[in-house]
Amino acid sequence: MSILVLGLNHKTASVEIREKIAFSGNKLEDGIVRLRNLPEIDEIALLSTCNRVEIYASAKDTNNSSEIIKDFISNYHSIKREEFEKALYYFNNSDAIRHIFRVASSLDSMIIGEPQILGQLKDAFDFALNKKTTGVILNRLMKKAISTAKRVRTETRIAENAVSISFAAVELAKKIFKELSGKSFMLLGAGEMAELAARHLVTNGVKDVKVANRTYERGCELAKDFNGRAVRFEDFLKELVSTDIVICSTGASEYVLKKEHMYKIMKERRYSPVFLTDISVPRNLYPNINDLDNVYLYNIDDLQEVVDTNLLERKKEAEKAEKIIDEEVERFIKWTSSLNSVPLIISIRQKAETVKEEELEKFKHKFPDLDKEKLAAIEQLATAITNKLIHSPTVALKENSEDMELLAITVKKLYGLNGEEEGG
Amino acid sequence: MEIVTFKLALILYFAATIVGLIEIFKESKGLSRLILILAACGFVLHTLNIIIRYLAAGYLPITGMHQATSFFAWCIIVIFFIFAYRYKIGIIGAFILPIVFLLMLSSSTFPREIIPLPPVLQSYWFDIHIVLAFIGNAAFAIASGIGVMYLLQEHYLKRKRLSGLFQRLPNLQILDEINYRLITLGFPLLTLAIITGALWAESAWGAYWRWDPKEVWSLITWIIYALVLHLRITKGWRGKKAAIISIIGFLSILFTFFGVNLLLNSLHSFN
């Protein structure tokens with residue numbers, strides 16, 4: 001009984017292939033049931049997102065099963081095997097476990113540490129659980145994948161820092177201000193990225209929102225969106241006096257705010273700190289504004305640099321995460337091999353039982369006129385001896401020691417169990 | 001027993017300082033807790049040491065350079081714990097414990113014999129005067145540590161160096177707020193200390209104010225902090241400026257404490 005993973009993702013397959021292989025909509029339910037009914041496959045789960053399609057299975061013969069699954073994919077999606085086979089990756093046993101743990105911990109994601117994948121994986125397994133296509137092995141594997149992902153999240157800083165420009169702006173604001181809820185925010189001009197950053201600020205608690213746009217009507221529309229108010233573009237300097245956070249993206253070809261303006265504004269604000277982000281190209285806020293006390297001006301390159309360093313940081317953290325995953329994989333393998341030891345223990349017991357019975361029979365033949373009491377005492381003696389003899393190997397097998405496989409082989413040899421395959 | 005508790009406290013503060021420096025200079029997460037634990041252990045022993053000395057001497061062990069410096073360090077730890085707990089910012093420890101450790105280290109270099117209290121100091125006014133002065137100065141000591149944190153964080157934000165320590169330091173606004181809180185705590189205490197000192201001086205020496213070097217330097221310190229508060233309220237001098245002045249203020253305190261006692265001839269010299 002082993003685990004296998006068969007799949008493809010954004011790194012191995014182009015979107016054309018991914019969309020052909022995807023199990024979306026009704027295909028998910030239909031696909032998983034059919035997969036479960038394939039011969040040789042004991043348990044199955046299916047993950048299908050825009051970045052990856054992966055099939056997790058527990059089967060006796062993983063190599064054989066993977067071929068069966070490949071044929072199934074080819075038939076089911078009416079696509080030739082050659083078309084997708086190159087993009088496929090296949091793992092079994094410990095590699096399969098490691099892969100699932102890495103996916104859950106977001107180490108295999110396009111943006112390392114992004115949190116959605118864990119939710120998608122959970123959904124995929126919940127779905128499989130509902131359709132009753134999983135069993136002991138995959139259920140346990142999923143639980144461990146989730147707990148591993150959580151360990152990675154708490155013990156490393158893999159998901160700590162912003163990796164998009166709009167989030168980076170929010171993160172910086174939080175390093176300047178204690179709470180964003182009491183702060184006043186102005187969107188100067190509008191642009192897709194500026195709007196996105198504004199939305200993040202609002203979800204992070206900013207309530208007082210002003211929109212100053214060249215076309216006042218567009219400003220009004222946007223302001224409605226954020227539960228804020230529109231101000232005339234000409235008035236934005238006046239408004240700055242009571243504004244703590246500014247995101248600027250006007251599309252103007254010249255600077256709209258210069259140091260001398262800001263100097264006066266700061267005096268009027270009594271030097272209360274201001275965070276200015278200028279994500280317009282060409283820039284709209286004069287760079288030397290940053291020299292003023294309590295003014296923090298970031299342009300789009302500064303923010304991009306934040307994102308880049310954070311990405312680098314995540315890669316460093318990913319190395320720590322791999323170690324955690326190694327540990328968890330090892331633990332899981334121990335658990336699976338302890339499952340393997342159960343049938344072995346049973347066969348030792350059976351063997352002991354047969355030996356005892358045989359020898360007692362022989363004994364009875366030799367001494368046919370022994371009285372019942374003595375016979376019973378001898379039977380007890382035989383039981384006690386066999387039990388004592390198989391006690392310590394049983395304990396050893398139950399203990400999940402590190403070299404389980406070696407132990408199993410040794411035990412089989414010592415007890416002459418080689419003919420009996422462990423079942424189940 | 002007395003010396004053992006002192007030495008152990010010193011060692012624990014030293015350990016906390018080292019961990020603090022590691023937290024500041026190396027990439028590491030979760031060291032703040034260790035600093036707090038080490039500091040707390042040191043604090044327990046330190047308190048024990050003060051109690052033992054109190055029982056042996058029969059008066060508050062705050063006279064003499066050894067005891068005074070040790071008591072000053074003790075006051076800083078107390079106020080540090082209150083603020084670290086109140087604001088849940090453990091990394092403050094990395095900036096405060098070095099101050100505590102250095103004070104304890106210098107305390108250990110002064111003679112440690114317990115001597116009978118000179119009659120002139122046998123007064124409740126004296127105890128109140130000293131305790132107020134030390135608690136007030138302890139608040140200023142922490143304000144200077146917070147000031148250093150502010151300046152660092154400000155520097156990182158201005159220069160856009162946003163990894164490492166930047167990630168571990170809290171936001172500017174909270175640092176400025178704590179700095180302000182500490183100064184508004186320390187200032188009235190220092191004021192009261194000067195007033196009670198004057199009252200006691202009148203009863204001991206017959207004059208409220210004698211332009212003794214210590215008195216002059218205390219006045220200078222008082223003026224510095226009065227200025228911080230005044231400029232903040234009237235001109236909005238906050239953040240960086242407040243941080244810098246609070247550091248200057250603490251340097252002035254250190255000079256009042258060590259410089260005046262050791263370099264200048266003062267009635268206040270503790271010996």
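**Figure 1. Contact between chain A and chain B in the predicted model.** In this predicted model, 31 residues of chain A are in contact (heavy atoms within 4.5 Å) with 27 residues of chain B. The two chains bury about 2400 Å² between them, 42% of it on carbon and sulfur atoms, where buried area is the accessible area (1.4 Å probe) that two parts lose on being put together, summed over both. K175(A), K178(A) and R270(A) supply 30% of the area that chain A buries against chain B, more than any other three residues.

**Figure 2. A salt bridge between the chains.** Between chain A and chain B the count is 3 salt bridges, each a side-chain nitrogen of Lys or Arg within 4 Å of a carboxyl oxygen of Asp or Glu. In one of the salt bridges, the side chain of K178(A) meets that of E177(B) at 2.8 Å, N to O.

Figure 3. Strand 1 (residues 2-9) of chain A pairs with strand 4 of chain A in the antiparallel sense over 4 bridges, and V5(A) has F91(A), in strand 4 of chain A, as its bridge partner.

**Numbering and criteria.** Residues are numbered from 1 along each chain as its sequence is written, and chains are lettered from A in the order in which they are written. Local features need pLDDT of at least 70 and side-chain atom pairs count only at pLDDT 80 or more, while totals for chains, interfaces and linings use all residues; side-chain values use heavy atoms, with hydrogens and water left out.

Conventions: Pairing = 2+ DSSP bridges. Helix = DSSP H or I, 4+ residues; strand = E, 2+ residues; numbered from the N terminus.
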